[in-house]
Amino acid sequence: MSTPAGTITESPWHAALRGARANLAPGLVLQAFAITVVLAYYFHDGSRVWFERVATMREDVGVLFPMATTAVFGAIIPTVYQWILPATRSSQSWAKAAALVVFWAYKGAEVDLLYRVLADLVGSDNGVGTIIIKSSLDQFIYCPLWAVPSCWAMYAWIAADLSVATVWNDLRTPGWYKRSVLPVLISNLGVWLPAVALIYALPTALQLPMQNLVLCFFTLMITTVTSRSKIIAQSQA
């Protein structure tokens, strides 16, 4: 019997460990990048002025700001980058790019709402307790229940050349969450938990822009690593 596209035949724990190892180096670079941005906001006057202008723009423009910026950083920049790389160019199409733009525009509004709700419920200060509570709710409730499954579904659909039937067959196969979502959730936890804590260290109006920078940076790094792996595999074939 054939295995549905996008499924993982190895143990979910082995897949998660393999993913964590692959994400280790990019994750460390990403965390260094995120720390640099947060430190720049708090200790570099020129950077703080620029960040405050971004925060003002977010408040003035409204929900269109998170939608537009997340579409740019989550979809447009990574897609253009993949079009530039020979190893990933053939897997791209205008239809896939359009689908990703719509998806990340929606995600921008969703994540921005999450940050604002958490600020109302938990607090908008940058105290250690507030950051821990927000990060825990984000990574251990929002991500496993919705964020990771929805992103998996979207990228599985993209990988299946926009075939709804392929993704639906995978969803209907017993053990879907354990097989397809859990490894992604676990392997990315070491990368995103520290990054999310740094995001919540910023004022609420700057959390979505920071998330977009981290998302874009991480996506470009993973794309580069994947592209290099494909080139090496092709040269050894």
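## Overall make-up and confidence

The secondary structure of this predicted model consists of nine helices and zero strands, so that, read from the N terminus, the order of elements is α-α-α-α-α-α-α-α-α. The protein has 237 residues, of which 45% count as buried. Among the contacts with a separation of 6 or more, 76% are accounted for by residues 24 or more positions apart.

The confidence of the prediction is given by pLDDT, which averages 86 over the protein, with 85% of the residues scoring at least 70. Among the elements, helix H5 (residues 94-122) has the highest mean pLDDT, at 97, whereas helix H9 (residues 204-236) has the lowest, at 74. Two stretches should be read with care. Over residues 1-8 the pLDDT stays under 50, and the model has 14 contacts beyond four places in sequence for this stretch. Over residues 229-235 the pLDDT likewise stays under 50, and here the model has three contacts beyond four places in sequence.

| Helix pair | Axes come within | Crossing angle |
|---|---|---|
| H2 and H3 | 7 Å | roughly 120 degrees |
| H5 and H6 | 12 Å | roughly 165 degrees |
| H6 and H7 | 8 Å | roughly 135 degrees |

For H5 and H6, the axes cross at roughly 165 degrees, and because angles over 145 degrees count as roughly antiparallel, H5 is roughly antiparallel to H6. The crossing of H5 with H6 is right-handed, and the residues of the contact between these two helices divide into 21 nonpolar, two polar and five charged.

Helix H6 (residues 128-159) also meets helix H7 (residues 164-172), with axes that cross at roughly 135 degrees, and H6 and H7 are therefore oblique to each other. The crossing of H6 and H7 is right-handed. On the H6 side the contact is made by Trp152, Ala153, Ala156 and Trp157, while H7 contributes Val164, Val167, Asp170 and Leu171. The residues of this contact of H6 with H7 comprise seven nonpolar, no polar and one charged.

Helix H2 (residues 45-61) and helix H3 (residues 64-84) have axes that cross at roughly 120 degrees, and H2 and H3 are therefore oblique to each other. In this pair, Val54, Met57, Arg58 and Val61 of H2 meet Leu64, Phe65 and Pro66 of H3. The residues of the contact of H2 with H3 divide into six nonpolar, no polar and one charged.

As background, most residues other than glycine have a negative phi. Aspartate 161, although it is not a glycine, has a positive phi of about 55 degrees, and leucine 162, also a residue other than glycine, has a positive phi near 65 degrees. Leucine 162, with a relative accessible area of 27%, is partly exposed.

Valine 37 is found in helix H1 (residues 12-43). Is valine 37 buried or exposed? At 11% relative accessibility valine 37 counts as buried, because buried means under 20% relative accessible area. Leaving aside neighbours within four places in sequence, valine 37 is in contact with Phe51 and Met210. Valine 37 and valine 214 are 177 residues apart in sequence, yet their C-alpha atoms are 9.9 Å apart in space.

Valine 191 has its place in helix H8 (residues 176-199) and is buried, with a relative accessible area of 4%. The C-alpha atoms of valine 191 and leucine 28 are separated by 7.5 Å, although the two residues are 163 residues apart along the chain.

Terms used:
Residues are numbered from 1 along each chain as its sequence is written. This is a predicted model: local features need pLDDT of at least 70, side-chain atom pairs count only at pLDDT 80 or more; totals for chains, interfaces and linings use all residues. Side-chain values use heavy atoms; hydrogens and water are left out. Axes are lines fitted to C-alpha atoms, for helices over the stretch in contact, and angles run from 0 to 180 degrees between N-to-C directions. Helices (H or I, at least four residues) and strands (E, at least two) are DSSP runs, numbered from the N terminus. Angles under 35 degrees count as roughly parallel, over 145 as roughly antiparallel, 65 to 115 as roughly perpendicular and the rest as oblique. A crossing is left-handed if the near helix is turned anticlockwise from the far one by less than a right angle, and right-handed if clockwise. Contact means heavy atoms within 4.5 Å. Ala, Val, Leu, Ile, Met, Phe, Trp, Tyr, Cys and Pro count as nonpolar, Asp, Glu, Lys and Arg as charged, and the others, Gly among them, as polar. Buried means under 20% relative accessible area, exposed over 50%, partly exposed in between (1.4 Å probe, protein chains only). pLDDT is the predictor's confidence in each residue, from 0 to 100.
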